Amino acid sequence: LAKLRLDFAWCKLLTDAGVVAVAQCLPSTLTDLFLSLYGCENVTDIGLVALSTGLPQISRLFLCFDGCIITDVGIEALMGDLPNVKDLHLSLACRSITDRGLQAISNSLPSTIADLFISFGSEPGKPAALLTDQGFALLASALPVSLRTLRLLLSGCSKLSEAAFASLAQSLPKDLQELLVVRDWPPALETNYHSVEDLRCWVSDLSSQR
């Protein structure tokens, strides 16, 4: 088995024990995993740590933990052993994720990754990660030159300022082909950036106003 898709969204009776059971059954031949635990409020770092032990061979990984009780500890465990991932999608709208978790992601991005999607934010009134400009700058500086697609959803991350997005614009890989940065909800708002040109034009305008 090379590909596996599991969608447990809104399964509120699902606990870490269920996630651990799934992790223990992942085949060693697996290279493509989609796992959604959206709204599973009884899933914690314990489940994520168990899951992380079976992913070193993965090249495409989609994980959604929005609404779960995930902290920086879980993110550090997850990112500790993903040497072969080329397509990474992480949805982590959780109140307990901070710059420490962002640093774990920054320190562990494989040099061969081509597509990166990270969501730390959500709709108004729902959980969002507690990120700052300093943590975001770490991610920006760690983006590998192999990156071709970058999508960042950050709505609700209220501690991020213009400085965070300026640091991103300065650090974009030169061969990046597609960019989406969502600062506010809904994604169509003019304060969001839908291309590399959008972001760089915004930084240029900001500089000219100073």
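## A walk through the predicted model

Ser-36 is buried, with a relative accessibility of 6%; buried here means under 20% relative accessible area, exposed means over 50%, and partly exposed lies in between, all with a 1.4 Å probe and protein chains only. This is a predicted model, in which local features need pLDDT of at least 70 and side-chain atom pairs count only at pLDDT 80 or more, while totals for chains, interfaces and linings use all residues. Residues are numbered from 1 along each chain as its sequence is written, and side-chain values use heavy atoms, with hydrogens and water left out.

Ser-36 belongs to strand β2. Helices (H or I, at least four residues) and strands (E, at least two) are DSSP runs, numbered from the N terminus. Not counting residues up to four places away in sequence, Ser-36 touches Leu-6, Asp-7, Phe-8, Ala-9 and Cys-64, where contact means heavy atoms within 4.5 Å.

**Parallel strands**

Two strands pair if DSSP finds at least two bridges between them. Strand β4 (residues 87–91) pairs with β5 in the parallel sense over 5 bridges, and Leu-88 stands opposite Leu-116 in β5. Strand β5 (residues 115–119) is in turn joined to β6 by 5 bridges, and these two run parallel. On this side, Phe-117 has Arg-151 of β6 as its bridge partner, while Ile-118 has Leu-152 of β6. Another 5 bridges join β6 to strand β7 (residues 178–182), again in parallel, and there the bridge partner of Leu-152 is Val-181 in β7.

How much of strand β6 is buried? In β6 (residues 149–153), 4 of the 5 residues are buried, so the strand is largely enclosed by the rest of the structure. Strand β5 is mostly covered as well, with 4 of its 5 residues buried.

Leaving aside neighbours within four places in sequence, Ile-105 is in contact with Ile-75, Met-79, Leu-90, Leu-92, Ile-118, Phe-120 and Leu-139.

Helix α2 (residues 45–52) is mostly covered, with 6 of its 8 residues buried. These are Asp-45, Gly-47, Leu-48, Ala-50, Leu-51 and Ser-52, and the buried residues of α2 pack against α1, β2 (32–36), β3 (60–64) and α3 (72–78).

**Aromatic rings**

Rings of Phe, Tyr and Trp (its six-membered ring) pair if their centres lie within 6.5 Å; planes under 30 degrees apart count as stacked, over 60 as edge-to-face and the rest as tilted. By this rule there are 4 aromatic pairs. In one of them, the ring centres of Phe-136 and Phe-165 are 5.7 Å apart and the planes are at 50 degrees, so the pair is tilted. The pair links distant parts of the chain, 29 residues apart, with Phe-136 in helix α5 (residues 133–142) and Phe-165 in helix α6. Together with Tyr-193, Phe-136 and Phe-165 form one aromatic cluster.

Elsewhere, the charged end of Arg-5 sits over the ring of Phe-34, 3.8 Å from its centre. The rule here asks for NZ of Lys or CZ of Arg within 6 Å of the ring centre and within 35 degrees of the ring normal.

**Buried and exposed side by side**

| Residue | Relative accessibility | Class |
|---|---|---|
| Phe-136 | 2% | buried |
| Phe-165 | 2% | buried |
| Ile-69 | 48% | partly exposed |
| Trp-10 | 53% | exposed |
| Gln-134 | 58% | exposed |

Trp-10 lies in the loop between β1 (3–7) and α1 (16–25). Its phi is near 65 degrees, a positive value in a residue other than glycine.

Ile-69 is in the loop between β3 and α3. Not counting residues up to four places away in sequence, Ile-69 touches Glu-41, Val-43, Thr-44 and Asp-45.

Gln-134 is placed in helix α5.
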